[in-house]
Amino acid sequence: MMPVEKSSEPRFVRDRLQGRSERIVKSWESLLLLVAVVIFLVNVWSSPYFLDPWNLSDATFNFTEKGLIAFALALVIISGEIDLSVASILALASTLMGLAMTHGAGVPELVLIGLGTGLVCGAINGLLVSRLGLPSIVVTIGTMSLFRGISYIILGDKAFTGYPADFAWFGQGYVFWVFSVELVLFVLVAVFFAVLLHMTSFGRMIYAIGNNPVAAQFSGVRVERVKFILFLLSGLMSGLAAVCLTSRLGSTRPSIATGWELEAVTMAVLGGINILGGSGRIGGVVLAALIMGMVTFGFGLLNVPGIVMSIFVGLLLILVIAIPKVLNRLAPAKKRG
Amino acid sequence: MGILKKVLVLAAVSTALVANVAHAENKKIALVVKALGIGFFDAANKGAQEAAKELGDVDIIYTGPTDTTAEGQIEVINSLVAQKVDAIAISANDKDALVPALKKAMERGIKVISWDSGVAPEGRMMHLNPSSNALIGNMCVKMAADNLPDGGDVAILSAAATATNQNTWIEEMKKVLPNYKGINIVTTVYGDDKTDKSYTEAQGLMKAYPNLKAIIAPTSVGIVAAAQAVEDAGMTGKINVTGLGLPSEMAGHVKAGSSKSFAIWNPIDLGYAATMISYNLVTGKEEAKPGAELSMGRMGKVKLDDNSEGAMADPFVYDASNVEEFAKIF
């Protein structure tokens with residue numbers, strides 16, 4: 001409309017093209033919040049059992065462990081990489097915890113082994129990606145088979161059972177009233193990653209790498225080191241999820257958490273993390289976790305077959321990604337400074 | 001206006017009441033399966049619906065995860081607990097991982113039983129096995145003997161030599177042998193549950209024992225391979241293949257005549273019996289504890305052992321009269 005005025009501004013500073021309030025209204029998180037509220041209301045309306053504190057508390061287990069993984073994964077994706085081995089790291093961590101348990105390990109040792117396994121697996125991914133410069137999708141598809149494969153070798157068709165009674169606290173305990181240990185962990189980890197990503201220079205480096213790794217390198221960002229740390233974090237979170245899930249199930253089988261890598265990726269992408277790297281916020285991932293958890297639980301209450309849920313989540317994913325693009329196309333002229 | 005309002009309110013209240021009454025009276029029994037979309041479990045649901053119809057005041061919730069995972073089943077269990085169902089009858093994806101979730105269900109007053117694929121004892125009130133080792137062993141020999149009025153040589157084609165299930169069944173077969181006059185088990189060979197090896201072993205049996213009258217294969221892979229080997233050797237009618245198999249895989253061989261009959265559990269009966277047991281536990285008419293006898297409607301009674309496990313019935317026999325119908329199911 002006013003080409004003269006527009007051309008005087010640098011084209012790449014898109015943030016400035018919208019006012020603060022407009023930016024908030026049009027942001028991905030607002031859209032997700034709207035979707036979450038709608039799903040919440042539909043659930044309240046469609047089932048008398050939905051609005052019950054204990055039922056809602058039970059329902060949070062649908063997303064807490066996956067959410068822990070998704071937060072770290074979000075950072076990896078923002079940096080332009082991917083980690084598809086997260087569920088297999090979980091399986092291996094759980095298996096090694098079980099192995100230690102059969103040799104008499106106590107609760108603190110079990111937790112350390114779970115987290116430690118995660119760190120070691122993350123370090124392997126990180127070294128292969130950052131030091132050897134291999135594409136992360138290939139590396140982590142490889143370690144995905146490798147880590148779970150080791151679990152299968154150790155366990156075969158057997159299972160580890162008989163974890164110490166105190167160990168159940170992580171996956172079955174409550175901090176206060178209906179707030180489970182896992183839910184509190186979920187919130188703490190979300191806050192940690194939000195601060196790390198949005199309030200530290202390390203967080204800015206992640207965005208910089210995701211947008212242009214070469215430029216980041218020339219700006220003095222130690223790209224390899226940052227990527228290595230991100231894979232470490234991803235492994236650590238998978239280890240933490242392993243502690244929670246193993247405690248919740250009270251047993252380990254090598255098939256534990258099969259297919260969770262895709263659910264975590266879905267959660268991150270639905271949360272507005274750009275799959276090509278460079279953008280996205282932790283708040284969106286939290287909302288996406290809530291949405292996926294509520295959809296699963298709400299449909300479960302209505303006894304809708306699981307396959308319908310998968311279809312719904314798939315459609316939601318496409319819809320939420322498509323809506324901003326469609327809106328942008330419909331109203332390109334409205335944008336001005 | 002006043003009258004209209006009254007009528008409306010009355011209508012609303014009575015509808016609510018009726019709805020409530022219907023709600024309170026009907027027992028909600030959840031049939032949870034390993035995954036939806038499996039013919040075997042759809043057939044079990046058929047049996048559950050049959051039981052619900054017979055009982056009258058039962059709603060069956062047929063549900064399960066999309067994939068055969070324990071995590072998926074736990075999500076299903078949580079939503080069933082939230083709905084305050086009266087009973088959960090589950091075929092478990094994982095014997096141990098479901099225990100905490102099912103324990104919680106029981107703490108909230110829900111009756112929990114497992115069927116087909118069991119849950120560890122602390123996670124359920126009882127487990128319904130489709131059959132027992134003794135009944136399976138006996139049925140295998142019986143099916144061979146029924147077609148051999150004058151007796152004859154019989155060979156066993158098993159899975160791997162280390163397969164626990166098969167070895168137990170073969171032991172049971174040998175135990176009941178004295179009850180079947182003239183039936184003589186000449187040897188046991190192992191096809192490792194591989195089609196090609198089972199086929200070769202079956203060929204070997206026919207060469208080594210010219211008087212062979214029947215092959216018992218207590219494995220769904222072995223029985224198909226043996227039937228094929230008999231047909232290919234032109235021995236149809238001379239050697240009868242029997243054992244444990246799936247109707248969908250065996251229908252062709254029954255039609256061809258190489259197998260006169262075979263057995264496996266009947267999923268319809270299993271779903272029916274699980275529903276009947278759940279119902280009786282919900283009404284408080286019966287209690288699941290070691291040594292108890294629980295009634296299963298038309299399926300008779302099941303006696304629970306020390307682990308609160310029970311066997312439903314003899315394996316169900318499939319022959320030319322019914323195999324086509326079940327082949328569509330599983």
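## Helix packing and chain contact in a predicted model

A:Trp28, A:Leu31, A:Leu32 and A:Val35 of H3(A) meet A:Val320, A:Ile323 and A:Pro324 of H16(A), where contact requires that C-beta atoms, placed from the backbone, lie within 7 Å. The residues of this contact comprise seven nonpolar, no polar and no charged; Ala, Val, Leu, Ile, Met, Phe, Trp, Tyr, Cys and Pro count as nonpolar, Asp, Glu, Lys and Arg as charged, and the others, Gly among them, as polar.

The structure is a predicted model, in which local features need pLDDT of at least 70 and side-chain atom pairs count only at pLDDT 80 or more, while totals for chains, interfaces and linings use all residues. Residues are numbered from 1 along each chain as its sequence is written, and chains are lettered from A and ligands numbered from 1 in the order in which they are written.

Helices (H or I, at least four residues) and strands (E, at least two) are DSSP runs, numbered from the N terminus. Two helix pairs are set out below, with axes fitted to C-alpha atoms over the stretch in contact and angles that run from 0 to 180 degrees between N-to-C directions.

| Helix pair | Angle | Axes |
|---|---|---|
| H3 (28-46) of chain A and H16 (306-330) of chain A | roughly 130° | within 11 Å |
| H4 (53-60) of chain A and H3 (70-82) of chain B | about 175° | 10 Å apart |

H4(A) is therefore roughly antiparallel to H3(B), whereas H3(A) and H16(A) are oblique to each other. Angles under 35 degrees count as roughly parallel, over 145 as roughly antiparallel, 65 to 115 as roughly perpendicular and the rest as oblique.

Between the chains, A:Asn55, A:Asp58 and A:Ala59 in H4(A) meet B:Asn78, B:Val81 and B:Ala82 in H3(B). This helix contact consists of three nonpolar, two polar and one charged residue.

The whole contact between the chains takes 28 residues from chain A and 23 residues from chain B. On the side of chain B, strand S2 (58-63), H3 and helix H4 (99-107) each give two or more residues. H3(B) gives the most, with nine residues. That side divides into 10 nonpolar, seven polar and six charged residues.

Within chain A, A:Ile273 lies in the loop between helix H14 (260-270) and helix H15 (282-301). A:Ile273 counts as buried because it has 28 C-beta neighbours inside 10 Å, the cut-off being 20 or more other C-beta atoms within 10 Å, with 12 or fewer for exposed and partly exposed in between. A:Ile273 and A:Ile77 are 196 residues apart in sequence, yet their C-alpha atoms are 7.2 Å apart.

Note on methods
Contact = placed C-beta atoms within 7 Å.
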